Amino acid sequence: MVNIDSSSPSTSSRHGRTGSSASSGDRRLPFVEGTSRADWFGPGYEASAGLADWTRRQFFDTPLQVLLSTNEVCLNADQRDELTKMTVPALVIQGDADRSTPIELTGRRTHSLLPDSRLVVVDGGGHGLFMSDPDRYNTELLAFIGTLPH
């Protein structure tokens, strides 16, 4: 979901080889190339070229059938009943610019179903929030942990 410099399709693999991360016939290529860093990380966040490249490679290093099956499971899973029965405090943290899993369809609904939850909305944060703004993410996580009984 990340568009690296489209003029350079060459990347370094995690195994140290250099080359194209996807063949021109790979069905993921148009999607990945058509999705900007702002789409993935949020419009207010500058992801480093290294982070963007790493994220992009995740789509090509994972077998296509695994990606498709994972997506199907995520789209069809209905955990609403289970969420209402949770008996532990929960933190829901999400960016309001998440285009992959929009907050109105995921984070806010999840928060409303959890009996004891805290919702943190990060202005301009995208789907890769824990990577694009790790300081904010970790600050919120540690603050939440600090509220839990010892």
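1. Residues are numbered from 1 along each chain as its sequence is written. Because the model is predicted, local features need pLDDT of at least 70 and side-chain atom pairs pLDDT 80 or more, while totals for chains, interfaces and linings use all residues, and side-chain values rest on heavy atoms, without hydrogens or water.

2. Helices here are DSSP runs (H or I, at least four residues) numbered from the N terminus, and the expected span is 1.5 Å times one less than the number of residues. Among the buried residues of helix 3 are Leu51, Asp53, Arg56 and Phe60, where buried means under 20% relative accessible area, exposed over 50%, and partly exposed in between (1.4 Å probe, protein chains only).

3. The structure holds five salt bridges, each a side-chain nitrogen of Lys or Arg within 4 Å of a carboxyl oxygen of Asp or Glu. In one of them, the side chains of aspartate 78 and arginine 80 meet at 2.7 Å, N to O; aspartate 78 is partly exposed at 43% relative accessible area, whereas arginine 80 is exposed at 52%.

4. In helix 8, arginine 136 and glutamate 140 lie four residues apart, about one turn of the helix, and their side chains form a salt bridge of 2.9 Å, N to O.

Conventions: Helices (H or I, at least four residues) and strands (E, at least two) are DSSP runs, numbered from the N terminus.
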